[in-house]
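New notebook page. I am opening a structure I have not looked at before and jotting down what I look up as I go.

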Amino acid sequence: MDVTVVRTFVAIVDAGQFQEAAADLSITPQAVSKRVATLEKELGVRLFTRDARGARLTIDGQAFLPHARTFLHSAERAVAAVRPGRRALRVDVIGRQLSLAGLLRGFHRAHPEIELDVVTLSDSDTAIAAVRDGTIDATFRAVTMPGRQLPRDVEATPVFDEPLHLFTGPRHEFANAPALTPAQLAGRRIWMPGNLPGTEWAAYYDELAATFGIVIDSVGPDFGIEPLLDTIAGSTTLATFVSEQTPLVWPAAHDLRRIPLKDPTPLYPHSLIWRAHDTHPSLTALRRHLVAAYPGRPGSGIWTPGWSRPTQPEHIPPRETPHRTGQPTTGNLSRTR
């Protein structure tokens, strides 16, 4: 159904006359009559009767009117949803319980006026394709996986380097260690059933394992966080990795331990990825917020994969404040663990 003819129908009802509706719509009375005729033909009913007092709704016209108003309201909402400056900023965070969701929550607290649409896409290829195609405005990912390059017109900047912790049960050999070096984990079994081949987190942990002689065990189905915590809590040999800021809650009886890694500290390198020609005004605000909060990657004492970009984040000019004369200027847990 044509929105224009439905809008014309409602305009006639509101104006009471074809001629006044034509003036309101800036078209000729003949065009108004033609649109009404088109609508009546499509519906198969007569909508108006005309007399000296103006246009009056028929019984069918009265029945159609509330639906016509709802139709126009829905059409306006549909247009507003994609209109620049009105559509919510759509961002992929891999997992709503992971630290990246926390980054977005921080942005939301700083900019409560900006509407966010938070989505969770399972793998890097899907997320980057969605950025490229405009399905989402941005994603947080490790850039780049070995042998991969970002598509043309897709850009990235580092925004968060997250330290890793070893996560064990109370009877594990390292349960009481205040800190460990990655070298001390050589030959030890680290259970990460969510490390699916081809994902950026699997690539990260594969290189970590190869560098320090760690055994990454991804065998077994990934049943989620609760079964993982149960298994780790009851094992004397199994441990896993978690990111420093991954929020975790477990039963007190589990007595699980988070042990920092140092000398060097493995950092999981998160970057914000977006399409260069995305004109959503809130995207710049998000980038500015994240870049301002990113302290930069330390020059020593840390480990990151050779394929992660060792660059500093982009420079975004600060928001200009108008000057007035005389006035002062003022994931699945295992995905990133």
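Entry 1: I started at Asp255, which sits in the loop between β9 (239-243) and β10. A reminder to myself before going on: this is a predicted model. Phi of Asp255 is near 50°, a positive value, and Asp255 is not a glycine. I wrote that down because most residues other than glycine have a negative phi.

**Entry 2: another positive phi.** Next I looked up Ser26, in the loop between α2 (18-25) and α3 (29-43). Ser26 is not a glycine either, yet its phi is positive, about 60°. Its relative accessible area is 67%, so I put Ser26 down as exposed, the cut-off for that word being over 50%.

**Entry 3: a cis bond.** Then I checked the peptide bond from Asp263 to Pro264. It is cis, with omega near 0°. I flagged this one because most peptide bonds are trans. Where does Pro264 lie? I found Pro264 in the loop between β10 (257-260) and β11 (265-275).

**Entry 4: salt bridges.** Side chains of opposite charge can pair when their charged atoms come close. How many salt bridges does the count come to? The answer is ten. I followed up some of them.

- Arg69 and Asp14: their side chains meet in a salt bridge, 2.8 Å from N to O. Arg69 is in helix α4 (residues 59-82) and Asp14 in helix α1 (residues 3-15), so I noted a link between distant parts of the chain, 55 residues apart. With 36% relative accessible area, Arg69 is partly exposed, while Asp14, with 52%, is exposed.
- Arg90 and Asp117: the closest N and O atoms of this salt bridge are 2.7 Å apart. Arg90 is in strand β3 (residues 89-92) and Asp117 in strand β4 (residues 116-119), so this pair ties together parts that are 27 residues apart in sequence. I have Arg90 as partly exposed at 29% relative accessibility, and Asp117 as partly exposed at 26%.
- Arg189 and Asp217: here the side chains meet at 2.6 Å, N to O, in a salt bridge. Arg189 belongs to strand β7 (residues 189-191) and Asp217 to strand β8 (residues 215-217), and the two are 28 residues apart. Arg189 counts as partly exposed at 39% relative accessibility, whereas Asp217 is buried, with a relative accessible area of 13%.

I also came across a network of salt bridges that links Asp92, Arg141 and Glu200.

**Entry 5: a buried threonine.** My last stop was Thr304, in the segment after β12 (302-303). Why do I call Thr304 buried? Its relative accessible area is 17%, and buried means under 20%. Which residues does Thr304 touch, not counting those up to four places away in sequence? I listed Leu267 and Arg297. I also noted a polar contact of 3.5 Å between the side chains of Thr304 and Ser308.

Methods:
Residues are numbered from 1 along each chain as its sequence is written. This is a predicted model: local features need pLDDT of at least 70, side-chain atom pairs count only at pLDDT 80 or more; totals for chains, interfaces and linings use all residues. Side-chain values use heavy atoms; hydrogens and water are left out. Helices (H or I, at least four residues) and strands (E, at least two) are DSSP runs, numbered from the N terminus. Buried means under 20% relative accessible area, exposed over 50%, partly exposed in between (1.4 Å probe, protein chains only). A polar contact is a pair of N or O atoms within 3.5 Å; within protein, one must be able to donate a hydrogen and the other to accept it, and residues adjacent in sequence count only if both atoms are side-chain atoms. Contact means heavy atoms within 4.5 Å. A salt bridge is a side-chain nitrogen of Lys or Arg within 4 Å of a carboxyl oxygen of Asp or Glu.
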